[in-house]
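Please look at the sequence and the structure below, and then read the briefing on its interfaces and on one residue.

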Amino acid sequence: MIEAFLTNYNYFITIFLMSAGLYIVVARGNMVKKLVGVALFQSSVYLLYLSPAKILGGTPPILAEGFDVYANPLPHVLILTAIVVGVATLALGLALVVRINEAYGTIEEDEIFAEGEDLQNDAKTPRVEGEL
Amino acid sequence: MAETLINTILLTLLALTTIGVVRTRNLFSVVILAGIYSFLIASVMMVLDAVDVAMTEASVGAGISTVLLLSVLYLTKTHESVPIRTPLLPLFVAFGVGAMLIYGTVDLPPFGSAEQPINQHVGPDYLERSIPDTKVPNVVTTVLASYRGFDTLGETAVVFTAGIGVLMLLRRRKKKQDDEGGED
Amino acid sequence: MRLDVILRVITKLLLPFMVMFAFYVHFHGEFSPGGGFQAGVIIAAAVVFHALMFGLYPTQRMLPPWVVEMLVPLGVFIYVVVGIVTMMLGENFLGYNPLHPTKPYYGQERGIIWIEVGVLVTVASTMVAIFYAFAGRGRKP
Amino acid sequence: MSTAALDASFNLIQQLPALQVVLPMLGSVITAMVRKGAIAWFVALAVSWSMPFVAVVLLHEVLVHGTISYAMGGWEPPLGIEYRVDAANAYVLVIVSLIGAVVMPYAKRVVDADIAQENQAWFYTMYLLCLCGLLGIVITGDAFNAFVFLEISSLATYAMIAMGRDRRALVAAYQYLIMGTVGATLYVIGVGILYVMTGTLNFADLVDRLQTVENQRPVLAALSFITVGLSLKVALFPLHKWLPNAYAYAPSMATVFLASTATKVAIYLLVRFYYSIYGPNIELSGYSAGLVLVVLSLLAMFISSFVACFQQNVERMLAYSSVAQIGYITLGISFGSKLGLTGGLVHLVNHAFMKGALFMCTGAIMLRLGSVKLDDLAGIGRRMPITMAAFTLAGLSLIGVPGTVGFVSKWYLARAAFDAGQGWLVFAIMASSLLAVVYIGRIIEVAYLREPNNITDEFAKDPPLSMMIPTGILVIACFYFGINAELTAVTAERAADAFFAYFGAAGQ
């Protein structure tokens, strides 16, 4: 039982991180916090890919004399890409947050929607607004 | 055994940091915790023999992301308001995804074994072919730049897209020399 | 800003080493961990470091925003051009083998170095551009 | 090396699959370098107009010579990334690139109006990157590569939406960013589980190796992650919340382009997973996913159409209508039969024409009036007669009047429903069309039967030819392919065949 738990420990933590990240994304209204949640959610995927690539007793996939068990390099490459995608998304999201803060004076979703400005309602659309 | 032990401890710390991130309302602390999280996950990656990834995560997750988050906090505010929404839906979503993942991952091959499909099928080919094909010993570089070089082109394009997107959103045409301190 | 003479002197001493380390990470990426992406981030970190110590405007005088904004697409351009050159040489897109007339693995090596340069340029300049964009925004009055 | 040798070794036809994606990327780089709106527009125009040629040649090659496999970097497939073109993705490539080509001439005026001068060139950069990403998703034969290009197109989309003139565009873009990133990450989780179970990312290889996997549970979990993740991108019914705001507040050009292409590409990828990769291994019709999809499609068709009836903002109305129309497409897919898939694919193209035309008209109204609120449209039919005529015709097509493409799609869907022994669905399709009559009718009533107010009197007039001709082309397409349904239908049938027997050549 404990044995089984430990062999899958990586996956359990991965799942915990994923759920926590997703929880932040859905539960929190603060836009910065949400982006941190998204980042957590994405980084849990890194573990999902990297854990199976590890071979116990192996070494990093840099070929050298005297080693013959190496970790699988492919997931490493995929996750490098995923990390870059993650930071790119974060940067763009934060730029949006800064602009939203300038336009609304708040970064709380609840306050933006409470302003009577919920996105459904079109009653008070100014013709042209914000900086072009 | 030592590998497994270190792995377990680091992962537990990771989980604890995550709880901290979820519970903290001071955004400054959240950002610092997220930085700690990134360093921890980079250490886990070291244990998992993913050195290139660990290096990237340490510089990107703990470095660039933290700088960006801090500069945004400087431009906005550092405290999160209490959300007025009910926690039921989020809990449902989180547990639903968690349950689905448990369902999906319980039967995955055990940790650290060489006898699983990914360590049998394409992965070993890269290790075998890297030297004859390219004479490059770091297989991650070979796969990144050559075998899956097109993914890396896409990745560079993603960075490019985000860069131009941020510039479109934030760049000011005329720089105002007065209200800038430049430190954040 | 006036009191951190020590920090500034140390920064000036450190910066060349940071950039040198970045190039080490870049060109040694075939033998040890690292590559264009990591090196780009380190170079960007050096620029950010400079801006933190000396202020945004001295940094922008040293490395003007328009230069950075030109470099952002340049990296992708280098990458794509490598691919198009390999196409012209009769290989598929990004097939580096014909880049060296006789020995395919040297062709691979050349291709890898060039595309890593592309990655480095785009990543470093994008990170700096993003930093400039955020730092230049200023708090809303 | 001499030029003669270059010419001998460079085979254009062979390199087309790569060019399809590389050209837009190269174009985006050039537009970002020139920084001048007008030149950037010209570059974007040149690239967009070259794309349909590439796509059509590819489609022709595929229909005549069979599946094309293009190994990126010259590495044979499971090792490297493969571009694999068959009738199915060539068909989607053609539609995406055609829409891109039609949108570009239209773009000049609306971008001048919507986007600040210094950002225009970058806006075209984003457009080209979005096009590049969408084409990359469609053409690739590699699950992870699809994710990378999904992110390129998504990030470009967020940036484009945020450029809308209303401040709510920022919030819409932010919400889409969060939803889209969660969706893409769920997709990556699914692909990761598949990868751990099979050891490969190549679609063709996945098909082969999935058959040898004994333990089906992780594989099913992977499918559900991929489904939910892509459904967020598709805006499948309960996950559609981002779409109306994004379409309503984005700059007109972005709305036209995205409404006609972005969700379609996500649908393509979903179908690829269901029919091509899982198809041989999991019987879709016997599996409850089919039923779930029917229910969600019906909910989308009714609830979204119903909500559309009560919108004040015409672009939002059309956006909700898009959610409903996506319901038609997924309904066709859910039957699990070739006929149903053909119907879905026909509607995928037809909807691109109709919605493209409708959003082009609202873009023209936006250009003249600065608003697309229903009340501001009073009497606009008299002041912008050609625009509103085009709107009405495209609207008729959306309703599904015989002789239009909308009718053709519904005809196929109805046949597929009968074929699947679910004749009652025909009534559902008809009832949902009635709701379309209501919301399109509301606009037409306001536009033609009410008196124009003074703003309309002063500013409303038909847009310049550069905008009317693209609109006209799409409206004509709505009717041409409605009367002469052969071309799309036959191609869609071949595409459906290709989905089913995608990897017939690859192995088994």
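What is the count of residue pairs in polar contact between chain D and chain A (both at pLDDT 80 or more)? The count is 4 residue pairs, where a polar contact is a pair of N or O atoms within 3.5 Å, and within protein one must be able to donate a hydrogen and the other to accept it, residues adjacent in sequence counting only if both atoms are side-chain atoms. This is a predicted model, in which local features need pLDDT of at least 70 and side-chain atom pairs count only at pLDDT 80 or more, whereas totals for chains, interfaces and linings use all residues. Residues are numbered from 1 along each chain as its sequence is written, chains are lettered from A and ligands numbered from 1 in the order in which they are written, and side-chain values use heavy atoms, with hydrogens and water left out.

**Chain D and chain A**

- Between them, chain D and chain A bury about 4000 Å², 68% of it on carbon and sulfur atoms (buried area being the accessible area, with a 1.4 Å probe, that two parts lose on being put together, summed over both).
- On the side of chain D, the most area is lost to chain A by D:Arg167, D:Arg168 and D:Tyr174, which together make up 20% of what that side buries.
- The contact (heavy atoms within 4.5 Å) takes 44 residues from chain D and 44 residues from chain A.

**Chain A and chain B**

- About 7600 Å² is buried between chain A and chain B, 74% of it on carbon and sulfur atoms, and the contact takes 78 residues from chain A and 91 residues from chain B.
- The rule finds 1 salt bridge across the interface of chain A and chain B; B:Asp49 forms a salt bridge with A:Lys54, with the closest N and O atoms 3.1 Å apart.
- Across the interface of chain A and chain B there are 18 residue pairs in polar contact (both at pLDDT 80 or more).

**C:Gln108**

- C:Gln108 counts as buried because its relative accessibility is 0% (buried means under 20% relative accessible area, exposed over 50%, partly exposed in between, with a 1.4 Å probe and protein chains only).
- Not counting residues up to four places away in sequence, C:Gln108 touches B:Asp133, B:Thr134, B:Ser146, C:Tyr96, C:Asn97 and D:Trp75.

Terms used. Salt bridge = Lys/Arg side-chain N within 4 Å of Asp/Glu carboxyl O.
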